[in-house]
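Have a look at the picture first, then read on.

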Amino acid sequence: MSATTKGALAGLVLALSALIFGFWGFILVALFMAIGVVVARITSGELDFRNIVNAFKGRSTS
């Protein structure tokens, strides 16, 4: 699935949630989608969670 298709599907889900559940439902769905993306990237190894935690603690390695 291409990035364009994924973006279109995400837009469709957010638009439908805004129509069905209103503003706060839209915000909740967007939040859960963002959490899902972060969890998927951590489990696939594309995102190193330890580096993010260290950056917030002020221990950057760069």
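A residue counts as exposed when its relative accessible area is over 50%, and as buried when that area is under 20%. Keep in mind that this is a predicted model.

Now jump along to Gly58: Met1 and Gly58 are 57 residues apart in sequence, and their C-alpha atoms are 38 Å apart in space.

What about the chain as a whole? You'll find two helices and zero strands in it. The radius of gyration is 16 Å, well over the 11 Å that the globule rule gives for 62 residues, so the chain is more spread out than a compact globule. If you box in the C-alpha atoms along the principal axes, they fill roughly 45 × 30 × 20 Å.

How much of the chain is buried? Buried residues make up 3% of the 62 residues. As for the surface, carbon and sulfur atoms account for 70% of the accessible area.

Here are some values for the whole chain, side by side:

| Property of the chain | Value |
|---|---|
| Box around the C-alpha atoms | roughly 45 × 30 × 20 Å |
| Accessible surface | about 5,200 Å² |
| Share of buried residues | 3% |

Next, the aromatic rings. The count comes to one aromatic pair. The rings of Phe23 and Trp24 have their centres 5.0 Å apart and their planes at 75°, so this pair is edge-to-face; the cut-off for that label is over 60 degrees. Are these two residues buried or exposed? Both Phe23 and Trp24 are exposed.

The largest pocket holds about 250 Å³. Which residues line the largest pocket? They are Lys6, Leu9, Ala10, Met33, Ala34, Val37, Ala40 and Arg41. Sorted by class, this lining has six nonpolar residues, two charged ones and no polar ones. Lys and Arg count as charged, so Lys6 and Arg41 are the charged residues in the lining.

How values were computed
Residues are numbered from 1 along each chain as its sequence is written. This is a predicted model: local features need pLDDT of at least 70, side-chain atom pairs count only at pLDDT 80 or more; totals for chains, interfaces and linings use all residues. Side-chain values use heavy atoms; hydrogens and water are left out. Helices (H or I, at least four residues) and strands (E, at least two) are DSSP runs, numbered from the N terminus. The radius of gyration is taken over C-alpha atoms; the globule rule is 2.2 Å times the number of residues to the power 0.38. Buried means under 20% relative accessible area, exposed over 50%, partly exposed in between (1.4 Å probe, protein chains only). Accessible areas come from the Shrake-Rupley method with a 1.4 Å probe; for residues, only the protein chains shown count as cover. Rings of Phe, Tyr and Trp (its six-membered ring) pair if their centres lie within 6.5 Å; planes under 30 degrees apart count as stacked, over 60 as edge-to-face and the rest as tilted. On a 1 Å grid over the protein atoms alone, a cavity is a set of points where a 1.4 Å probe fits but cannot get out, and a pocket is an open set with protein on both sides within 12 Å along at least five of seven lines; lining residues have an atom within 4 Å of a point. Grid points are joined across faces, edges and corners, and a volume is the space filled by probe spheres set on the points.
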